[in-house]
Amino acid sequence: MENLLEIRHMRKAFDELGVLRDISLTVKKGEVVSIIGPSGSGKSTLLRCAALLENMDGGSLSYLGQTVCRPEGDAAGDSIYVPKKELRKFHRCFGLVFQNFNLFPHYSVLKNIVDAPVRVAGIPKKEAEETARSLLAQLGLEDKADAYPCQLSGGQQQRVSIARALALKPEILFFDEPTSALDPELTGEVLKVIRQLAKEHMTMIIVTHEMSFAREVSDRIIFMEEGLIQEEGTPEELFHSSKERVQEFIGKLAAS
Amino acid sequence: MDLGTILLQLGSGLIVSVEIFFLTLLFSLPLGLIVAFGRMSRNGIVRTVTKVYISVMRGTPLMLQLIVVYFGPYYLFGLRISATYRFIAVIIGFAINYAAYFAEIYRSGIESMPKGQYEAAKVLGYGRMQTFFLIILPQVIKRILPSVTNEIITLVKDTSLAFVIAVAEMFTVAKQIAAAQTTVVPLMIAGAYYYVFNLLVALAMERIEKHYRYYEM
């Protein structure tokens, strides 16, 4: 199967502080990859670089074999991005679901979902609305189309933001701790949606602290710490890792 | 002079005040947005220039600014001042002064917007202009309405400063009648006119605020 996302030797530092030190990661179509690890290990930064919210300092990034940035000189050289105009087309490749939803509060639920497809992707309004309504129905929110984000619970808002991302038909969906701002009850309804997407073979990278969920839903789990991938494998391999640090981390989260 | 005549004469002055009021808003509200962009610019020179501009506009009396705008062309360039320039000078003076205040209000609103709104827009593929005008600005307007209302109410009363370059707005007229007739009645009536004017302004702003109450941030 083809490589949907390919990251090689990704480096990123904030104010001299190395957040990502040397990350290589390949995601194939239909794969579900979870990234776990302690706070400050660089998980979110990795997603933000892949979603073009941050520019990486070194290494390469490509979607579907098309280069977003490539290193200058050798493989670990400073990243050189393609021109801005070309960069914009890559926004169609991925969607990102944020920890705190970031819905547009002045737009109704329906407009939140429809606006980008219409304005950015040039999809006819009627078609976009049909897609949006069927997405809402899928996510159990058909009666909320005309509501405003402030009238929804956190779990509902997060489901709307998933619908908003899906409406653009991305190749891959990134989740940046999608349930960390939710209480356990609401967490369940969001995880259910992601589980459903996994069943439909949506390609996803999920940064999460929900261990049992990651174990259940992922094809592959990555354990990150100090800006490096410390361990990588199937859920079974990772949960039975011989590395003490991995065991310690998983044990701690499972116990809490 | 009977009361009817006084009311009528003040009324014609009021029209001039209302003209100054609306024309000032018409020019200073958009100009303020441009100044706010300059104030937040990544270019250090642009930022410093706008900072000095705002500082001077807020730090010196509006009355003095009106005098400078009106007499400046003559003293600086020896240009003859035409009769129509009097009113234009008032509008220029008010607009550049109020733009400075509005710019700082816009800036406070724009800087208070959470970063996540920009990021969500970027990931969805909105361009920079689309992000600002579709996503950010509507929310900024809701946030800054109370401060803008304050500023607009001050503007109603500030229109009386146009007397300094002898534009016959309401307060100028009231003072002339008061001096000629040795009575304070015209001044009291002018006060009542200003009050009613502001009452209408406050009501209008309240309606606009209500309009934006359909969502919370």
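## Model and confidence

Residues are numbered from 1 along each chain as its sequence is written, chains are lettered from A and ligands numbered from 1 in the order in which they are written. Because the model is predicted, local features need pLDDT of at least 70 and side-chain atom pairs count only at pLDDT 80 or more, while totals for chains, interfaces and linings use all residues.

The model has an ipTM of 0.92 and a pTM of 0.88. pLDDT is the predictor's confidence in each residue, from 0 to 100. Its average over chain B is 92, and 100% of the residues score at least 70.

## Chain B

Chain B has eight helices and zero strands. Helices (H or I, at least four residues) and strands (E, at least two) are DSSP runs, numbered from the N terminus. The C-alpha trace of chain B spans about 70 × 45 × 25 Å along its principal axes.

Chain B has 217 residues, of which 29% count as buried. A residue is buried if 20 or more other C-beta atoms lie within 10 Å of its own, exposed if 12 or fewer, and partly exposed in between; C-beta atoms are placed from the backbone. Two residues are in contact if their C-beta atoms, placed from the backbone, lie within 7 Å. Of the contacts in chain B with a separation of 6 or more, 77% are between residues 24 or more positions apart.

Strands of a sheet pair through backbone hydrogen bonds, either parallel or antiparallel. Here two strands pair if DSSP finds at least two bridges between them. One open sheet of chain A has five strands in the order β2-β1-β4-β5-β6, with antiparallel pairing. Its edge strands are β2 (17-28) and β6 (79-81), each of which pairs on one side only. Eight bridges join β1 (residues 3-14) to β2 of chain A, and Asn3(A) has Lys28(A) as its bridge partner in β2(A). Helix α1 (residues 43-50) of chain A lies across β1, β2 and β4 (58-63), at about 120° to β1(A). Axes are lines fitted to C-alpha atoms, for helices over the stretch in contact, and angles run from 0 to 180 degrees between N-to-C directions.

Another open sheet of chain A has six strands in the order β7-β8-β9-β3-β10-β11, with mixed pairing. Strands β7 (94-97) and β11 (228-233) of chain A each have a single partner strand, so one side of each lacks a neighbour in the sheet. Strands β3 (residues 32-36) and β9 (residues 203-207) of chain A run parallel and are joined by four bridges. Val33(A) stands opposite Ile205(A) in β9(A).

## Where the chains meet

The contact takes 18 residues from chain A and 17 residues from chain B. On the side of chain B that touches chain A, α5(B) gives the most, with seven residues.

## Nonpolar cores

A nonpolar core is a set of buried Ala, Val, Leu, Ile, Met, Phe, Trp, Tyr and Cys residues joined through C-beta atoms within 7 Å. The largest has 79 residues, and those with the most contacts inside it include Ile172(A) and Ile205(A). Not counting residues up to four places away in sequence, Ile172(A) touches Ile205(A), Leu4(A) and Val27(A), among others. A second, separate core of 39 residues includes Val90(B) and Leu161(B).
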